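Subject: Structure handover

Hello,

Here is the structure for you to look over. My notes follow below it.

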Amino acid sequence: QETLLRAQARPGAEPSPCSPPRCEPPCHDRRTSEMEAEVGLEGLEGFEGVDEAELAQLEAQLAEGAEQVAEDEVFEELEGVDVQDHLKDAVEGNLRLKRLLSRDEVEVAPGSKKRRLEDMPPEKEAKVRLLLTKWGLLADGVVKHVLETLTLEELDQIHTSNYAPDKFNQWKSPAELFSRYAAELRERTLPPGSAYDAVSAFKYRWKLDFSADKLLRNLSHKDLRYVLTNYDGTVELSELVAEAATAEAEEENTTATASPNSPGLLTIGRFTRLELIDPLADAAVFGDANLTFSLKLAKHRKGLGHVGRVVATTFEELDTLRERYKEIDESIRTLEDHYAEVYHGVDCTRIAIDPRFQGMESSLGAVYYNFPHSGAIQGFFDGHPVVNWRHENLMRLFFRALRSFVKPGGFVKVASNMGAVGVRYSYIVGSALENEFLHIETVPFLEWHLHRYGRSYGDKRDVYKRPDAKNNQSYNAQAADRDMVYCFCYAPTGVTLGKQNLKLPPTLKTLKACTDGPFKNLPQGAARENLANQLHKRFITEVSGTHVG
């Protein structure tokens, strides 16, 4: 999953207190130069009489043409969508995903641009076929789909590991087992999903050793905050620690400068747990089914004297909420009494084209999304590859959309269970890192000051399974001690990111070839084809911003 970075400064970007990591130049250019050096003059046989200036002009035209094709693809995704130019990047991935799902419904002429969505490099195609042959699963369309969603590097790693899915497992299909293995393989390159303090996250980000870890854990609050904010890898850590000892706080009487001589790690952890956010900036809550968390946040901010507003959103429309939560109207009135704004029918991946969010660019100082989920599909476990791509893309598109609305230095907190198989913790952390949100800490959910709210399922089950807002005991779908709050800080580097990577959805052909879940006992024929079509249409409906279930 390569991200093409262009060194183009973002206008109006402010320096971030999160100390963004330095960006190395893309290795593609370096490899290209090395290859050109190896080829030397041998690669120019037959071109001795060609003018060098003419060659340079042709190369420039080719490069300009390639860039224009890429730009045309972006505009093609945005055809018919009313979106401002500076917000196109925030919604392009969502529209591209819808187009990918619609590829089975449109007849496309061979060689047209739309076929590039499905094209696979010959080397990757050969590797996929090699693994399918090796495992004896050439006829398994779902395993093939999982392989096609991996990068060539991941395919090579799997090939050399001699891994093979268990074809005779009594509980899971080869596709499910392999999909889980591929996810766990990727998680080896990320921080763990369990509790992870600020020093551990900093050490992981900069690849520091044990001695650096020990040094940081002994610093005072003032010195540790100074190091976490100013370290950029260009100076020795010990030098920066010495500098921090003599530095004075730039601003007095601010929350960040409070208790300067207290133990650093403990004090910074208290900031995260007590939700001491920017009192002036707005805060947004996404996917708050019954609005009890938004109520908790609004009262918390009022108690601290904050003047920034709370923007509370639900994915469902108000009529649906009234069917599930009899107290919803009262909750909305209470929120409005706290000067909060309440929006219904909000898709957090499409806020760039939601007119209610117009003018909020770079204004959010804090964003919350508790226990994200793309909705259960009857007959499938959340981890099954036929439906799991929805959960991964939810996080990727969520963080890409936030880039346009969170101010530099703003915080994003996503609560989830560390063992969740739908939205895996790696989807949250990986998607954040891809979009320049630094992972600053992982806090146990029960240690979070805002954890006591009325959690719900967020679907039809809430009609007969009521949440207990006081003790939170009625929600027992997962172990509470494994719930975590993944904390991030937005630190834009000023470079332009490439298109958001997406997890490819299954084609209609793949759905028809599925032998798991509701397809398990269906013979080939009209019933199987009808079920595949229904599931495919549901995917398109969900990507369009409409919740099903």
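**Helix H19 and its surroundings**

H19 has 18 residues and reaches 26 Å from its first C-alpha to its last, close to the 26 Å expected at 1.5 Å a residue. Bear in mind that this is a predicted model.

Several H19 residues are buried: Arg528, Ala532, Leu535, His536, Arg538, Phe539, Ile540, Glu542 and Val543. What covers them? The cover includes H3, H16 and helix H18 (508-513).

**H16 against H19**

H16 and H19 (residues 526-543) pack with their axes 12 Å apart, at an angle of about 0°. Angles under 35 degrees count as roughly parallel, so H16 is roughly parallel to H19. On the H16 side, the contact involves Val386, Val387, Trp389 and Arg390. These meet Leu535, Arg538, Phe539 and Glu542 in H19. By type, the residues of this contact are five nonpolar, three charged and no polar.

**Helix H3**

H3 covers residues 88-101. Its end C-alpha atoms are 20 Å apart, which agrees with the 20 Å that 14 residues should span at 1.5 Å a residue. H3 is mostly covered, with 12 of its 14 residues buried. Among them are the charged residues Lys88, Glu92, Arg96 and Arg99. Leu95, Leu97, Leu100 and Leu101 are also buried in H3.

**The cores**

In soluble globular proteins, nonpolar side chains tend to be buried together. Here the largest nonpolar core has 39 residues. Those with the most contacts inside this core are Phe286, Met395, Phe398, Phe399, Leu402 and Val412. Which elements give two or more residues to the core? They are H3, strand E1 (282-286), strand E4 (364-370), helix H16 (385-402), strand E5 (406-417), helix H17 (425-434) and strand E7 (483-490). H16 supplies the largest share, six residues.

Take Phe399 as an example. Leaving aside neighbours within four places in sequence, Phe399 is in contact with Val412, Val414, Ile428, Ser431, Ala432, Asn435, Phe437 and Phe488.

There is also a second, separate core of 38 residues. Leu101, Leu147, Leu150 and Leu155 are included in this second core.

**The chain as a whole**

The secondary structure comes to 19 helices and seven strands. The chain has 549 residues, and 47% of them count as buried. Take the contacts between residues at least 6 apart in sequence: 76% of these join residues at least 24 apart.

Best regards

Terms used. Residues are numbered from 1 along each chain as its sequence is written. This is a predicted model: local features need pLDDT of at least 70, side-chain atom pairs count only at pLDDT 80 or more; totals for chains, interfaces and linings use all residues. Side-chain values use heavy atoms; hydrogens and water are left out. Helices (H or I, at least four residues) and strands (E, at least two) are DSSP runs, numbered from the N terminus. The expected span of a helix is 1.5 Å times one less than its number of residues. Buried means under 20% relative accessible area, exposed over 50%, partly exposed in between (1.4 Å probe, protein chains only). A nonpolar core is a set of buried Ala, Val, Leu, Ile, Met, Phe, Trp, Tyr and Cys residues joined through side-chain atoms within 4.5 Å. Contact means heavy atoms within 4.5 Å. Axes are lines fitted to C-alpha atoms, for helices over the stretch in contact, and angles run from 0 to 180 degrees between N-to-C directions. Angles under 35 degrees count as roughly parallel, over 145 as roughly antiparallel, 65 to 115 as roughly perpendicular and the rest as oblique.
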